[in-house]
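Visitor: I've got a new structure to look at. Can you walk me through it?

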Amino acid sequence: MMTGLGRFFAALYLVIASSVAGFAQGDNTVLDFEQWDRVSLRAAEAIEAGRASEVAMDALRQQLVEWRSDFREAQSRYSVAINTTKAKIDTLGPVPEGGDSAEVAAERARLEKALAEAREPVLRAQLAETEATELIDGVDSVVQGRRTAQLLERGPTPLNPALWSAAAQAVLQTETLIRNELRTAWDYEWGSGDLQKNLPRVIALLIVGAVLILFGRRWTDNAQTLIRREKMSGRRWVLGFLVSLGHLVLPLAGVMIVVEAFYASDLAGIRGDILLSNLPEAAFVLLFPIWLGRRLFPLAAEDATVLRLHDEHRREGRMLSVVTGAILAVVLLLQAFAGFETWTAGTRAVLIFPLILVAGVVMIRMATLLRAHAKGGNTPGEEGTASGSNVQIVRLLVRGYQIAALLGVLLAVAGYTSAATALVFPTMYTMQFIGFLVILHRGLVRVFGVLSGQGPETGEGSLWSVLLGFAIALASVPVVLLIWGARSQQLAEWAALIGEGLRFGEVTISPKQVLIFFAVFGIGYGLTRLLQGTLRNSVLPRTKIDVGGQNAIVSGVGYIGLTIAALIAIHNTGIDLGSIALVASALSIGIGFGLQTIVSNFVSGIILLIERPIAEGDWIEVGGQMGYVRDISVRSTRIETFDRTDVIIPNSDLVAGTVTNYTRGNTVGRVIVPVGVAYGTDPRKVEAILLEIAKAHPMVLANPAPYVVFQGFGASSLDFEIRAILRDVNWVLSVRSEMNYEIADRFVKEGIEIPFPQQDLWIRNPEALRETAQVEPVQDDGDDAVEGSESAPTNDTGEGA
């Protein structure tokens with residue numbers, strides 16, 4: 001039984017082979033339909049009998065897939081001749097009423113005969129393709145039915161003591177056969193002298209392999225210790241991650257070298273070859289969970305970035321990882337021997353049951369650790385802060401892991417050994433693969449942070465991280481399908497179908513076209529941005545165009561460049577622009593109603609960029625909002641108010657509404673400073689002082705000269721205004737403030753009073769009020785207050801007002 005790792009590499013080979021097969025065939029390939037008839041007959045007999053092995057059925061299916069690919073290519077190749085002949089016949093036009101001339105009639109007859117001959121192989125290829133598809137479906141149905149029956153087949157329960165001795169004898173017999181094969185091979189090789197010739201090479205390989213197996217992990221630990229002596233920067237973290245792979249690579253290389261040493265000695269017999277051929281894969285299955293456990297459950301608490309657990313839980317996690325690797329390695333070797341030895345169903349059930357039972361215990365304990373992570377807290381008594389979405393995912397994984405463990409053990413006890421094996425061990429592989437994907441994602445995000453110079457933790461939670469995670473999850477789907485028993489040939493066929501693309505009417509969209517589109521559009525986007533940068537920094541600053549006009553030109557070039565890049569990219573993918581135009585015209589009415597406001601703002605944005613009534617940096621007022629224009633886009637304009645807040649205004653309001661632009665064309669503007677003085681002050685003196693203050697300010701223009709306006713007689717003061725033209729109206733508040741300071745200082749020196757609002761109150765009968773006050777004296781007892789108790793200004797007669 002092929003493991004998940006073996007199926008993965010087999011699928012990878014088939015996908016590459018199916019992609020390259022089209023290039024290996026020449027355009028002049030001639031189909032041999034007689035050979036196809038023989039292949040189809042043999043396939044039909046194999047499907048009807050249903051006795052061929054799964055390996056034979058897979059080989060037959062692959063042969064059928066290749067034939068079907070040839071038939072499809074033949075249809076495409078022959079269709080060119082058919083279309084060409086049709087075009088020639090259309091050029092001759094319909095037969096006139098009087099008939100064609102002799103030459104035209106002969107040519108028409110020749111073309112029609114050629115068209116009939118060209119259609120014949122296309123028709124045969126179409127029929128053969130249909131037959132091949134039906135045969136492929138038949139092979140899939142047979143294999144799938146066989147697998148389903150195997151999973152649902154109930155065998156003897158492993159708890160039956162009568163089967164235990166037979167299982168033990170089977171294992172001992174296999175071990176005895178391996179020793180006998182080894183002894184026989186030793187006697188032969190030593191007697192012939194071949195072993196003595198290869199002995200130095202064999203010993204050297206064994207020494208190197210043993211050193212790597214025994215000391216590889218220690219060397220890796222020492223290298224990691226050296227890296228940790230200094231502060232873990234981004235680059236040192238990446239280096240430490242790469243060094244940690246030594247726990248996996250070095251011992252695995254040692255095992256492969258030891259296997260090569262045994263093959264060099266020619267001591268391996270039939271069963272020894274089974275053991276040696278599966279030993280590297282078993283070593284990988286053993287070492288990978290151990291390496292993964294050291295990454296997920298590290299020794300140091302500061303390295304626990306994936307699972308937030310305390311020291312005891314991390315120690316248990318590392319131990320469970322070792323046990324997981326050992327279980328999967330033993331299962332792999334056991335399945336390899338079970339496929340060769342003639343073991344009974346009871347023997348297989350007894351041998352695999354302890355592994356299923358131990359695996360179930362390990363899965364439940366591992367689920368407990370994951371639940372502890374979901375609850376939070378990387379140290380005892382400390383609560384974690386895991387995100388809600390991650391916690392939900394972890395809880396789902398925990399529940400699924402526990403269900404798979406319990407259900408697998410129950411199935412094995414009930415005698416459904418195949419179903420239990422197909423459930424428990426793929427679940428363990430899947431959980432390991434998920435852990436590897438998490439580590440891979442975090443590693444790539446940190447590498448990106450290091451390469452960008454932003455630090456290893458910068459990319460966590462960013463859009464780049466999310467997109468990368470989505471891409472990794474999408475790419476991992478085939479591997480997960482292989483782990484759960486998907487056939488590699490089916491995956492290769494699905495890959496070929498995806499490569500052909502999806503067809504929508506007359507438009508076909510394939511991954512190749514998508515890549516071409518993004519590549520061409522990316523080049524166009526880069527050239528557009530490069531041109532915009534050149535215009536903004538090198539060309540336009542040397543012209544007499546104002547800043548607003550420069551920004552308008554740069555924005556216009558960007559929109560035109562991106563539009564052209566999109567059109568060129570669509571054209572290069574082979575998609576007919578006419579079809580897109582037809583669809584766009586059909587949807588234009590609905591889009592027009594649905595996006596009326598957006599289209600209005602877009603058109604208004606184009607008008608603003610062309611007419612430029614406002615530009616970036618202008619001081620404007622629109623709709624009660626006042627501030628500086630900071631950005632003009634095709635949909636809206638951003639204004640920064642004097643409170644340093646951004647206001648987004650739709651472009652349609654700027655085009656259709658009333659806009660006041662205080663700095664359009666130039667920054668010259670007027671400042672008005674109102675001043676009030678007390679009644680009795682000489683107005684001419686006030687005018688002279690104010691005019692002197694205005695002329696002395698450096699921001700006030702001499703031409704036109706500032707002047708003072710006597711506005712009128714106010715309720716409490718004589719009202720004046722300073723009106724002056726400033727060099728830069730953006731400084732109007734500062735100028736007004738400085739003038740007010742100067743006015744206050746000069747008025748104090750000149751003895752001019754700045755009044756405040758006041759009122760005189762006249763009482764007609766003060767005598768009555770005085771008599772009332774004598775009869776009822778005022779008593780102030782704290783909280784009670786009598787009206788009129790506060791002092792009031794006196795009137796001209798001296799009476800209380």
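**Salt bridges and a nonpolar patch**

Guide: K685 is partly exposed, with a relative accessible area of 34%. Buried means under 20%, exposed over 50%, and partly exposed in between (1.4 Å probe, protein chains only). This is a predicted model: local features need pLDDT of at least 70, side-chain atom pairs need 80 or more, and totals for chains, interfaces and linings use all residues. Residues are numbered from 1 along each chain, and side-chain values use heavy atoms, without hydrogens or water.

Visitor: What does the side chain of K685 meet?

Guide: The side chain of E750. The two form a salt bridge, 3.5 Å from N to O. That term means a Lys or Arg side-chain nitrogen within 4 Å of an Asp or Glu carboxyl oxygen.

Visitor: Where do E750 and K685 sit?

Guide: E750 is in helix 22, residues 732-750, and K685 is in helix 21, residues 683-696. Helices (H or I, at least four residues) and strands (E, at least two) are DSSP runs, numbered from the N terminus.

Visitor: Is E750 buried or partly exposed?

Guide: Partly exposed, because its relative accessible area is 33%.

Visitor: Which residues do salt bridges with shared partners join into one network?

Guide: E181, R271 and E341.

Visitor: How many salt bridges are in the whole structure?

Guide: A search finds 18. One of them pairs R72 with E129, at 2.9 Å from N to O. R72 belongs to helix 3 (residues 54-92) and E129 to helix 4 (residues 102-152), so this pair connects parts 57 residues apart in sequence.

Visitor: So which is it for R72, buried or partly exposed? And for E129?

Guide: R72 counts as partly exposed because its relative accessibility is 30%. E129 is at 17%, so E129 counts as buried.

Visitor: OK, strands now. What is the salt bridge partner of E640?

Guide: R630. Their closest N and O atoms are 2.6 Å apart. E640 is in strand 5 (residues 636-641) and R630 in strand 4 (residues 625-632). The two residues are 10 apart, and the pair links distant parts of the chain.

Visitor: Why does E640 count as buried?

Guide: Because its relative accessibility is 16%. R630 is at 34%, so R630 counts as partly exposed.

Visitor: New topic. Which residues make the nonpolar surface patch?

Guide: F470, L474, V477, L481, W494 and L497, covering about 590 Å². Helix 14 (463-483) and helix 15 (488-500) each give two or more of these residues. A patch takes residues with over 30% relative accessible area and no salt bridge; like charges are joined within 9 Å, nonpolar side chains (Val, Leu, Ile, Met, Phe, Trp, Tyr) within 5 Å. Areas are Shrake-Rupley values with a 1.4 Å probe, and for residues only the protein chains shown count as cover.

Visitor: Which helix gives the largest share?

Guide: Helix 14, with four residues.

Visitor: And where is L497?

Guide: L497 is in helix 15. It counts as partly exposed because its relative accessibility is 39%.

Visitor: Last one. How far apart are R179 and G269?

Guide: In sequence, 90 residues. In space, 9.4 Å from C-alpha to C-alpha. R179 lies in helix 5, residues 164-192. At 38% relative accessible area, R179 is partly exposed.
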